[in-house]
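User: I would like to go through some of the labels used for this model and the values behind them.
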Amino acid sequence: NEIQCRAVEIENSVSPFISKKFELDDVIEAQQFDREILNHIFEVALDMEKIEKSSSKSQMLKGYLMATLFYEPSTRTRLSFESAMKRLGGEVLTTENAREFSSAAKGETLEDTIRTVEGYSDIIVMRHFESGAAKKAAATASIPIINAGDGPGQHPTQALLDVYTIQREIGKLDGIKVGLVGDLANGRTVRSLAYLLAKYKDVKIYFVSPDVVKMKDDIKDYLTSQDVKWEECDNLTEVASECDVVYQTRIQRERFGERIDLYEQARGKYIVDKNVLNVMQRHAVVMHPLPRLDEITIDVDEDPRAAYFRQAKNGLYIRMALVKLLLLGW
Amino acid sequence: NEIQCRAVEIENSVSPFISKKFELDDVIEAQQFDREILNHIFEVALDMEKIEKSSSKSQMLKGYLMATLFYEPSTRTRLSFESAMKRLGGEVLTTENAREFSSAAKGETLEDTIRTVEGYSDIIVMRHFESGAAKKAAATASIPIINAGDGPGQHPTQALLDVYTIQREIGKLDGIKVGLVGDLANGRTVRSLAYLLAKYKDVKIYFVSPDVVKMKDDIKDYLTSQDVKWEECDNLTEVASECDVVYQTRIQRERFGERIDLYEQARGKYIVDKNVLNVMQRHAVVMHPLPRLDEITIDVDEDPRAAYFRQAKNGLYIRMALVKLLLLGW
Amino acid sequence: NEIQCRAVEIENSVSPFISKKFELDDVIEAQQFDREILNHIFEVALDMEKIEKSSSKSQMLKGYLMATLFYEPSTRTRLSFESAMKRLGGEVLTTENAREFSSAAKGETLEDTIRTVEGYSDIIVMRHFESGAAKKAAATASIPIINAGDGPGQHPTQALLDVYTIQREIGKLDGIKVGLVGDLANGRTVRSLAYLLAKYKDVKIYFVSPDVVKMKDDIKDYLTSQDVKWEECDNLTEVASECDVVYQTRIQRERFGERIDLYEQARGKYIVDKNVLNVMQRHAVVMHPLPRLDEITIDVDEDPRAAYFRQAKNGLYIRMALVKLLLLGW
């Protein structure tokens with residue numbers, strides 16, 4: 001007449017009681033994060049790194065269900081979120097073709113779709129082709145929404161993982177010098193990164209880009225208003241020798257329409273290669289949001305200062321941290 | 001030096017031994033369900049509602065594998081089944097493009113596909129573009145098949161969740177008055193619902209639809225043969241004031257071919273808006289199988305009598321119940 | 001009033017310590033397997049068969065994550081791998097449209113994609129349209145890669161499950177007679193099978209195929225060099241009466257381009273039907289890699305010698321075995 005049982009999920013059953021609620025209900029835009037909350041998230045991301053590397057797997061999110069609602073394909077981002085959820089013991093409902101699912105196909109509003117999907121899941125990760133879609137979804141949903149990119153708008157988890165990578169690689173954010181290289185006009189990555197770097201002290205930013213894709217004035221004005229020093233520069237080698245971080249980006253062909261000539265010209269202008277590496281400081285790193293074409297030559301990969309694959313991996317830790325915080329709190 | 005633990009998965013380990021087999025091997029069409037079995041299923045669905053809302057998640061279906069074999073996309077239905085399975089601790093193999101998989105692509109028969117997939121899973125949820133496909137699959141498979149819609153044919157789980165929603169919202173099924181509104185000619189939802197309502201006593205059905213999409217004679221004749229009172233009516237307000245349930249449906253544009261003029265005319269005719277709400281009784285509800293366009297105005301959403309998102313959620317409970325019953329029995 | 005506990009998942013927690021490393025880091029091509037390792041793998045596959053059939057489900061791979069990276073669709077193969085992983089308690093990240101993901105879409109190299117995906121998973125199953133892609137991926141990745149077919153190249157798990165099926169059905173591999181029938185020029189299946197059969201003693205192979213799709217000389221020369229007896233033959237009935245295994249394959253229409261006439265002619269030439277069954281020995285079996293069209297008539301299905309659906313199921317056991325071996329060792 002004995003009951004046989006086993007010890008399970010102690011972390012899961014305990015944490016809801018001792019945890020403090022996360023300050024954010026949703027993750028929609030980089031503007032939600034101040035310096036203090038960033039630091040706390042980075043501490044959790046570091047814990048996640050330990051959890052992911054340890055042999056005893058976490059079941060922290062067991063019983064929780066994420067829906068990935070992607071209105072445009074982005075396999076890299078989707079996989080990273082789904083991996084984050086599953087590494088913590090959670091489960092995933094995948095919709096790769098959400099565009100077919102609703103508005104576009106039968107005329108359903110995003111709000112109606114969200115109201116349905118929130119009934120089937122505990123957290124929604126959404127990628128959308130329209131700026132502002134994530135905010136609209138969050139206003140409707142009673143469960144957390146994470147913006148995984150909404151058109152030309154925001155991609156806040158990318159911005160966070162970039163800052164986290166600088167912290168992990170360089171060891172600090174105050175006082176760093178960062179060179180933003182490549183397509184500064186169209187890349188939402190570099191725009192968000194510049195925005196977040198403004199929260200730290202004594203940061204210096206260099207913009208290195210072909211004329212047709214220069215950083216826009218709104219970001220420059222914002223940096224100036226926040227007393228962040230910035231400078232436009234057309235000599236990548238010079239910048240590379242000064243910087244802690246050379247952040248290279250892909251020139252986006254799709255933005256050039258039929259002007260292939262302009263694209264080809266812009267594309268070849270600033271390449272990070274062995275010559276650039278040779279002038280970089282020992283502690284400095286090369287970053288890139290990926291995918292890359294040939295704006296970083298592959299012989300750079302083997303150099304320990306090539307941080308872009310570690311950066312991609314940091315995306316996993318940041319997303320593990322955010323999913324954990326939104327579902328379980330601190 | 002004691003080890004603390006708690007009993008887990010008792011339901012899982014015990015239920016196989018004490019459970020009674022479910023009367024059905026497969027869920028193929030609404031005709032399989034009589035009043036008594038519906039009542040029993042609704043009790044299980046209510047249990048599922050409690051399980052889903054409780055903080056301690058069920059692992060009842062741990063180790064079981066569902067394959068969702070969708071020959072045409074229906075993300076809403078697929079997500080709902082996959083959520084049902086995962087909410088009970090089960091796992092899912094997804095095939096969103098099953099059409100590519102077999103017949104259409106290389107000429108494999110449905111039977112051969114089923115014989116292969118049943119080797120990889122414990123239950124198959126199938127959506128198909130051809131009427132009768134689910135029955136054919138069930139005849140081949142030695143594991144349970146659930147029909148998630150086969151062309152113009154059946155969509156039995158939708159019919160069940162509709163009846164369940166009336167039971168949950170109104171508290172009874174005998175003696176209710178239901179207004180079926182909109183596209184009654186093409187909507188398999190309203191046809192199945194009318195069919196199932198005939199199993200209850202003293203039901204009165206009102207048909208409110210544009211002339212081009214009126215309810216077909218087969219259902220009318222069936223209702224008459226079952227002594228169910230029905231009436232065609234062209235005044236939605238009048239019907240709404242009488243009914244316990246106003247069941248609105250979308251006019252399906254794809255059925256009108258090039259006659260966009262007829263579609264536009266039919267589409268605007270019967271709209272559920274604040275004016276309709278105003279004449280409805282306090283206990284009455286508005287239902288809709290979703291997705292909706294503008295046949296229910298969005299200002300209706302905030303009224304407690306707007307039951308359509310609760311109805312969508314009930315789809316989860318009904319599917320949890322059916323999957324549980326088919327795999328574990330009562 | 002004491003609660004007794006028991007240790008669970010002993011296999012999981014213990015095996016890493018007592019297990020011996022698998023000889024292979026990746027599964028890329030049939031040439032990696034010698035007779036001894038095949039025998040050992042087949043023993044593990046037999047264990048997997050027992051695990052899959054037992055009511056107590058295994059959690060051997062709990063906490064492990066497989067990424068299925070499919071650059072061309074192959075739902076059958078993908079489902080089989082995902083089922084294998086989930087039957088052992090592991091989890092899966094699915095990418096059905098990996099082609100969009102990387103190179104083809106934005107110009108990312110396969111190597112860069114692999115470096116990213118290996119950060120999110122513990123093992124990658126890859127299907128690619130280019131011969132040699134799997135080898136390239138394995139050279140890059142620090143986690144195991146399984147080749148699930150790379151263009152006209154290799155599909156080693158199919159070859160293994162074919163040999164395993166012969167072992168399971170006939171009870172031996174030495175001394176068997178195998179008739180390879182159908183499209184011998186284009187089918188990588190029969191080519192790999194012939195290659196693996198050469199590892200066993202006193203094997204005799206008959207090639208039965210329309211002239212336009214005859215077995216190529218490289219395999220014939222290889223068999224000759226390995227002292228394997230082979231013969232071309234145009235009488236299927238005669239061969240069937242001699243053989244232990246009749247291995248039928250589909251004539252691949254896509255290889256004939258606009259010469260539909262040649263295709264139709266080739267396609268009808270060698271059909272396995274009741275007449276062929278009638279001359280086959282009692283212990284002999286019919287195999288087919290599936291999908292089949294009408295090269296095996298459906299009235300053959302009910303004969304116990306029709307082994308092709310059991311063969312498909314064996315794919316599950318072989319893949320369970322390989323995933324287990326690559327992740328946990330022997």
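User: What volume does the largest pocket have?

Analyst: This is a predicted model. In it, the largest pocket has a volume of about 1200 Å³. Its lining has 45 residues, and R127(C), H155(C), R188(C), T189(C) and Q252(C) lie nearest the centre.

User: Which helix gives the most to the lining of the largest pocket?

Analyst: That is α9(C), with five residues. Helices that each supply at least two residues include α4 (98-101) and α5 (103-106) of chain B. By class, the lining has 14 nonpolar, 17 polar and 14 charged residues.

User: Why is α9(A) called roughly parallel to α10(A)?

Analyst: The axes of α9 (residues 188-197) and α10 (residues 217-225) of chain A come within 10 Å and cross at roughly 10 degrees. Angles under 35 degrees count as roughly parallel, so α9(A) is roughly parallel to α10(A).

User: Which residues of α9(A) meet α10(A)?

Analyst: R191(A), A194(A) and Y195(A) meet D218(A), I219(A), Y222(A) and L223(A) of α10(A). This contact has five nonpolar, no polar and two charged residues.

User: What makes β2 and β4 of chain B edge strands?

Analyst: The open sheet has four strands in the order β2-β1-β3-β4 (chain B), with parallel pairing. β2 (91-95) and β4 (145-150) of chain B each have a single partner strand, so one side of each is left without a neighbour in the sheet.

User: How do you know that β1(B) and β2(B) pair?

Analyst: Pairing requires at least two bridges. Five bridges join β1 (residues 65-70) of chain B to β2(B), and the two run parallel. In one of these strands, β2(B), T94(B) is the bridge partner of T68(B).

Conventions:
Residues numbered from 1 in each chain as written. Chains lettered and ligands numbered in written order. Predicted model: local features only at pLDDT ≥ 70, side-chain atom pairs only at ≥ 80, totals over all residues. Heavy atoms only, no water. 1 Å grid on protein atoms, 1.4 Å probe; cavity = no way out; pocket = protein on both sides within 12 Å on 5 of 7 lines; lining within 4 Å. Points joined across faces, edges and corners; volume = space filled by probe spheres on them. Nonpolar A, V, L, I, M, F, W, Y, C, P; charged D, E, K, R; others polar. Axes fitted to C-alpha atoms, helices over the stretch in contact; angles between N-to-C directions. Parallel < 35°, antiparallel > 145°, perpendicular 65-115°, else oblique. Contact = heavy atoms within 4.5 Å.
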